[in-house]
Structures are given as C-alpha cells and as structure tokens.
Amino acid sequence: MPKLRVLVTDKIDPAGLEPLKHDAGIELRMAVGDKAKWAEFIPSTHVWLVRSETKVTEEWLDKAKALRLIGRAGVGVDNIDVSGASRRGIAVINAPAANTISACEHSWALLLCLARRVAAADASMRGGGWERGKFMGVELAGKTLGLVGLGRIGRESAKRALAFGMKVVAYDPYISARQAEGLGIELAEFKAVLAASDFVSLHVPLTEKTKRMIDAKSLEWFKPGARLINCARGELIDEAALAEALKSGRLAGAALDVFEAEPLPADSPLRGLPNLLLTPHLGASTTEAQLKVASELSQSVLEFSARGVARNAINLPGFDPDLLEAMGPWLGLAETLGRFLGQTLDGGLKAVRCRFHGEFPTPQRHPLAVAVLKGALSTILESTLSYINAPILALERGIEHSEAAAPASEGFPRLLEVTAVTDKGERSVSGAVGADGGPKLVRLDNLLVDVTPRGKMLVLSNEDRPGMIGAVGTLLGRHKVNIADMRVGRRAPHGEAVMVITVDEDPSPELQGELKRFEGIRTVRWVVL
Ligand code: NAD
Ligand code: MLT
C-alpha cells in the first residue's frame, strides 16, 4: 500500500502530530514556512495541514494533483480557497471546537483589560509612574454585552457575561429566538445590538456579508463611549474608520487580536492609539488549544487514512462518518441507481429527484441524494468526482437536485426512487437493498423488475408480445453475445414491457442497430456498472 503523504506548512503542536509520525501508513513531511519545499512536495501530497499563515490558493491547488484532504488546525478557513478545493473533490476539514474556550477567554482577557485599563496602567508603572487617578475604569455588572455571532465562541462568551451580572444581547440571523432565550440572551437586529451595548464583541466568521460590517456607518450606531473587542477576523472592521472613532472619543476603547493585514505593519497608525489594546492573533495561543487542535486534526487524518472519511469536513455538510458507515449498502445502491439512470437518458440532464419511500431517517437522505448525483454525473463528466464536488459540479451545469420523503411503497419498507429529468422527458428507477445486503432494481419507469445491477447490461423497452424474448435471445446468440441473466417486467399482458439483459460481451454497434430496428422494440440502452 502506498503511504499517505501528509504535508505540514504551518507551526502545529508537535505533540499533537505524534500519532501521525508513528503511523506506518503515513509519511509526514514538515515544511513550515518554506515555500521552496512546498513547491517540491505539493504535487505529490495527499493531505495538507495548515494553520492560518499558509494561504491555500487556486495557484497551489492547481499544482496539488494528488491532494485529497486539507486540514485546518483551527476554526476559520478564510485562508483556504474552499470552493476551489470543492471543485477538485478535495475535502476541507477543521478542528471546530478545539480552540473555542481559548478564543473566548482571550476575548474576555481583552474585555477586562479594556474595562480596567490594565495594559496602560502596567506600562505607566514600568515607566516609574503611580497614577491612580488616571486609570479610572468601569464595572461590568449591570452593563450590556452585545455579541455579534452566537456560535461556539459567542455562546461561551455569553455564559461568562451572565456570570459577571451583565445583560447579553446578540445579533445572529442564523439562530432562532427560542435557542437564544434558552441561553438567557436576547436576539436583536445588528443596529439595535450596537445601540444597546456598552461592550461589543465580534464572533462571526469572515464572509462576504461580514466583511467590514464595522465601518464608518455602523460605528455611528454604537452607544457613545462603548468599547469594541474583535477576536474573530481583522477584515470584519474598517480599521481607518475605527481609528477615527477612537480618536474622536465616539468609542471609549477597542481591543483587537486580529487585523486586516497580518502581521500588523510596524508603522501601522493603530499602534499609536492610546485607547486601543493590541495582541498579535493570540486567541488560540494556549498550550491546551494548540494541543487539542493538533490532536483532533491528527485523529481526523488517521481516520481518513483508515476509512477514507473526512470528519468535520466543512465542504461536506451533514456527512457524519458513523452515519455513512451505518448506511453502508444504501450508499452503494444510491450511487448505482444514479449511474444506471445516467446511462439510460436521451436528452441533456436538467434535474435529479430523489424520493425516499418509507423508513429513511432525515439525516440519511442528504448523503444518499449526493451519492445518486455522483453516480448520475459520473456518466457525463470526466473530472474526478466525489461526494464533495458532485453538488457543486451539478450546480455549475444547471442540474437541479432535490430530495423528498414519501410514503412507504407496497412490499418495501424502504425504497429509493430516482427520477432524471431531461429536455426530452423523465425516466425513473427505484431500488432497495436486498436480504443479502446487495443492491436490487425493483422498478424501471414504474414497471416492476427484479434486477441485480452489475456488469454489462442491455436495457430494452418493448411491447409485450409472444416470441419477443426468444427472438432477442437468438439475435444476441447470432452476434456471439452470451447472456448471463435476463429479467423482464411489464405493466399488463401485451402492454409496455422492459427487458434487462446482463451479458458477458459488449454488444457491437451492429447488434445494437439491429435491436433498435427490431419490430416491437422501442428503445435500446447500454449500461455498464
Ligand atoms: P461558529 O461557526 O461556531 O459561530 C459563528 C457564528 O456566526 C454562527 O452562529 C453564525 O450563525 C454566525 N454568523 C455567520 N454569519 C453571520 C452574519 N452575517 N451576521 C451575524 N452572525 C453571523 O464559529 P466560532 O467557533 O464561534 O468562531 C467564530 C470565529 O472566530 C471564527 O470564524 C474564526 O474566524 C474566529 N476565531 C478566531 C480565533 C483567534 O485566534 N483570534 C480563534 C478561534 C476562532
Ligand atoms: C482560528 O480560526 O482557529 C484562529 O484564527 C486561531 C488560529 O489560527 O490559531
């Protein structure tokens, strides 16, 4: 077995990486900050581990022909071209909860230092001063903390605020009011949160919507004399506008751990503002957090190496590895149905619809629908397809996909029905996992069949009339095509029928032509699974 080549390009806790060093199936390559080594290693790297210094750009991804997994030792993935990775079928994973507490505690360290002017008082003492009157602070009890973003760090922060006797308001349009109420937090609009808060702490990811959400305009919405803390991402704030608000006294103070440009330039005007507290991106810099992110990432890589699953993949939502394993043969069936259907279509594929009849728990539906899509696309795309890039590639081609629950179908406690919509019409196939754990096709365009989908198959739709099966068999024999299995299905005697013939040899174009011209045969499809 070739080794899984794992490249590390940022400082990641060595103790956390130990399990990778000792795994016989893994070759660990260290190239921290050394771009010449990156260029040498990246083309043959399977797994690339980074923190936030490495920028995983389109340019690097183009060179990374063997790359299957990118691991981020931390939360934010804004240093990774995630859509570029998805398009190439590369999973991106992070260590989402490992530094939550450290980042939250750092935001609190900054908040407390801002309230009590700890850093400035310390600097004054070191200069020989004793200025008790100069460093008057404010109490937290009874004040309002405004949280922007109520995810993992935001929630931890809220707990600490309540312990200090503060009131907490939050802006997070993706959290329900009921969830917030349960945490003792009031949800409000962005403007209202800024207007109500004595302290505002940012805990949102960097996205198109959050970029520069604190700018000259929104700084006007702050309560006069409020204080701002940012331990999330520098680009959330227009730094020039913040500097103005601090100079004018509109804000009493601010604390930043993250910056638009990192490292912060030595001559940045931010360094000279007396009411601004600065730390160099230290949110996750604790021994505990660094060990946890590295260990979590190592475990994910080992799991990827052993089972091919990407735990915490942020471009593979809802795919819990244990769930995938539990779905076992249904995943294979779903992909087979997609591949089968994809090869029986005439026109351009417009949509793929999955209907889950019977007992499919909700979490199972999406992975199965993606597996169907992957199977269907594998018949029309040459690129490396995976569960990760199938939805994005479908979207790029204007192929819609949907999934819906449906009542149980007679005789099947669970049945997956897949319909492909093309510009020429619709075709559908339904399947189930048989008692032997293998896939079964049980319906083709609503005609009942009993087919084990594997190998090479001729799929004919025909009129049900005497002599048809024998005549087709004779024709195949004449062309030296051996029949391994033949299944027929029909709606009613002398009506519409279907034949699925598993064969040992490929049917020549002449044979397929003869079949198409055969009286009573409507369509001839060649399916290879
Ligand atoms: P999270 O995903 O658990 O929470 C983010 C929250 O932001 C979510 O609840 C989401 O609904 C909300 N959100 C998203 N877009 C929003 C918008 N437009 N308006 C309002 N809310 C929005 O993430 P987390 O673990 O709490 O981390 C938050 C961020 O903190 C990370 O994305 C990362 O950038 C940063 N971080 C920094 C450090 C550091 O060292 N300074 C350490 C860890 C995390
Ligand atoms: C993160 O997103 O996890 C932080 O920025 C911490 C880090 O990268 O060290």
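Let's start in a loop: Arg-212 lies between β9 and α10 (216–219). A word on naming: helices (H or I, at least four residues) and strands (E, at least two) are DSSP runs, numbered from the N terminus. This is a predicted model, where local features need pLDDT of at least 70, side-chain atom pairs count only at pLDDT 80 or more, and totals for chains, interfaces and linings use all residues. Residues are numbered from 1 along each chain as its sequence is written, chains are lettered from A and ligands numbered from 1 in the order in which they are written, and side-chain values use heavy atoms, without hydrogens and water.

Back to Arg-212. Its phi is near 55°, a positive value in a residue other than glycine. Most residues other than glycine have a negative phi, and most peptide bonds are trans. Arg-212 counts as partly exposed because its relative accessibility is 40%. The classes are buried under 20% relative accessible area, exposed over 50%, and partly exposed in between (1.4 Å probe, protein chains only).

Asn-446 has a positive phi too, near 70°. Asn-446 sits in the loop between β17 (439–444) and β18 (447–451). At 49%, Asn-446 is also partly exposed.

One peptide bond to flag: Glu-262 to Pro-263 is cis, with omega near -5°. Pro-263 is in the loop between β11 and β12.

Now the sheet. It is open, with seven strands and parallel pairing, in the order β8-β7-β6-β9-β10-β11-β12. Strands β8 (186–187) and β12 (276–278) are at the edges with a single partner strand each, so one side of each has no neighbour in the sheet. Pairing here takes at least two DSSP bridges between two strands. Strands β9 (residues 199–202) and β10 (residues 226–230) run parallel, joined by four bridges. Phe-199 has Arg-227 of β10 as its bridge partner.

What packs on the sheet? Helix α5 (residues 100–116) does, touching β6 (144–148), β9, β10, β11 (251–256) and β12. Its direction makes about 155° with that of β10. Axes are lines fitted to C-alpha atoms, for helices over the stretch in contact, and angles run from 0 to 180 degrees between N-to-C directions.

Last, a helix pair. The axes of α14 (residues 329–342) and α15 (residues 362–377) come within 6 Å and cross at roughly 35°. Contact means heavy atoms within 4.5 Å. Among the contact residues are Trp-330, Leu-331 and Ala-334 of α14, and Pro-367, Leu-368 and Ala-371 of α15.

Thanks, that's the tour.
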